[in-house]
Amino acid sequence: PPPGQTPRPAPRFKPHWEYVLEVHLHAPSTPPSEAGVVLLLLQQFQMQPSNWSAFLPPKAFDAARAAALRWPVSAHDPAQSVSVGTSNQGTTLDVTSAHREEATPVYFRASFNWSDATLTSLRYQHAPLTVAPWRPCFWRAPVDNDIGWNMPSSLRIWRLLSESQHQPKHLMRLINNTKRGSCVKSSWQLVAPVRGLAEEEVLPTNTSGNTSGALKSWCGKAGQLSCVTCFHSVLPRAVRFECRYQPGANFWSTSVMPRFGMSTRLPSRFERLRWFGKGPHETYADRQAAGRVGVHEGKVSEQLHPYLRPQESGNKVGVRWLALSDESTGESLLVVNDHGSSSHLSVSALRHSTADLDLSYDSATSRLSRNSARVAKHHLTRRREQQKHAAELLRREFVELHVDAFQMGVGGVHSWGARAEHSFLHWPTHSRTFSFTIVPTNLGGIDESGISRRAARAAVQAAEASVALGCRFPRPLVEYSISKPSHMAANVSQDRGRRRRHEAKANAKAARAGGQ
């Protein structure tokens, strides 16, 4: 400190809060403006990361596990005898939860479909919170830069694998059922059609060799199937997801994964959007330097940037929590990042579906459709695509919500058409696990500080309950990667479809030359 001044004491941080130091650099405006200064630089430095577990005693995990053991699984049909109201009705498993919020009884129901292993719907106080099932999603709408490196074609396998017909049920099981909550395990096998795909893009279901029949039905490195597996902890106040992408031992692909997460749709009444993360504008893995960490607010209908051509837009990275609310009633869906996670969520909420922002493709082959009257050649690539403009998009009567572990970067750093840097890409040969909690609640009249407290407590309590229920992957959780399978040919990295197209063009050119 300057001479004669007392040193300022070091700040005393609360153990469970996240502290960020924000530095501004200003200069006098020329000519003078009403503000008087011009912002030249804004930089944030994280002083202390959040520690949500500090809300509860250090031995809370052990206490929660001991409490759960006092409520063992019923000896008879567990689907009919749980305190949270689980019932088995035909093809649906309904888990009803009850608790109190400020002395008011609150109910919500989670419904699972036995036929496709999805969390089909959530209802809060008998009103629907979701209108579409939660499903794994791997595809994002291409941005302009993606067209430059032919991403819509080279990564088309992930568009197919995001469709429900290519995610058949692998298993669904009620793992545990106590008065503290229920645990449902769901798994989907990733199966893409061979038609229209190169050899290295195909996910084989059988291989030759001495592999046993049981091994062929396993997911992950020890088996042959490529799957997405989720543990759903349905608790009195929340539902916790812990999902893992598991590439099989015989899966090999050179196509990077555009995204990995879970998606659903909410009624259009959830128009108010608040999130604690980077903002207030859209941010991506390689486009976040200008984003400020803080609590931001907006309308869902305003999250789509009006680019000339509709494309991926409105994403937010570094998300600690996100709340979608009905302004008239205060009913909300709060999405909270796992308190023990080393990374934050990537989230987007739009009044448009991914298909609305995507190019026009044939659903069977994922190739560009030429049946549309608006199909024309792109002005730069000369490739055919469906011509769309932002003004032509109509708002849907739903909100499409994506909760992702990651989304690849948009690229184009040094030239149009350049891929994202290697650190902003994820390869499908590597497993990936992430977790988050959704909390049906009423946030009417609650400020951002109150939402943060509620989110923190929900995340910690949900993590504890998942431990008590055994509703998570075994710990320590170690990610793995698979190597190139020996049964695949040495030239497997060559795109046979592209080779055929080049040969066809060469033959056609030779035929025209011969005719002349």
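User: Where is the place of Met47?

Analyst: Met47 lies in strand 2; strands are DSSP runs of E with at least two residues, numbered from the N terminus. This is a predicted model, in which local features need pLDDT of at least 70, side-chain atom pairs count only at pLDDT 80 or more, and totals for chains, interfaces and linings use all residues. Residues are numbered from 1 along each chain as its sequence is written, and side-chain values use heavy atoms, with hydrogens and water left out.

User: Why does Met47 count as partly exposed?

Analyst: Buried means under 20% relative accessible area, exposed means over 50%, and partly exposed is in between (1.4 Å probe, protein chains only). Met47 has 45% relative accessibility, so Met47 counts as partly exposed.

User: What makes Asp146 and Arg140 a salt bridge?

Analyst: A salt bridge is a side-chain nitrogen of Lys or Arg within 4 Å of a carboxyl oxygen of Asp or Glu. The closest N and O atoms of Asp146 and Arg140 are 2.9 Å apart, so the pair meets the rule. By this rule the count comes to 19 salt bridges.

User: Why is Asp146 called buried?

Analyst: Asp146 is called buried because its relative accessible area is 1%. Arg140 counts as buried too, because its relative accessibility is 0%.

User: Which parts of the chain does the salt bridge of Arg265 and Glu400 link?

Analyst: Their side chains meet at 3.1 Å, N to O. The pair links distant parts of the chain, with Arg265 in strand 13 (residues 259-267) and Glu400 in strand 22 (residues 398-407), 135 residues apart.

Definitions and conventions
Helix = DSSP H or I, 4+ residues; strand = E, 2+ residues; numbered from the N terminus.
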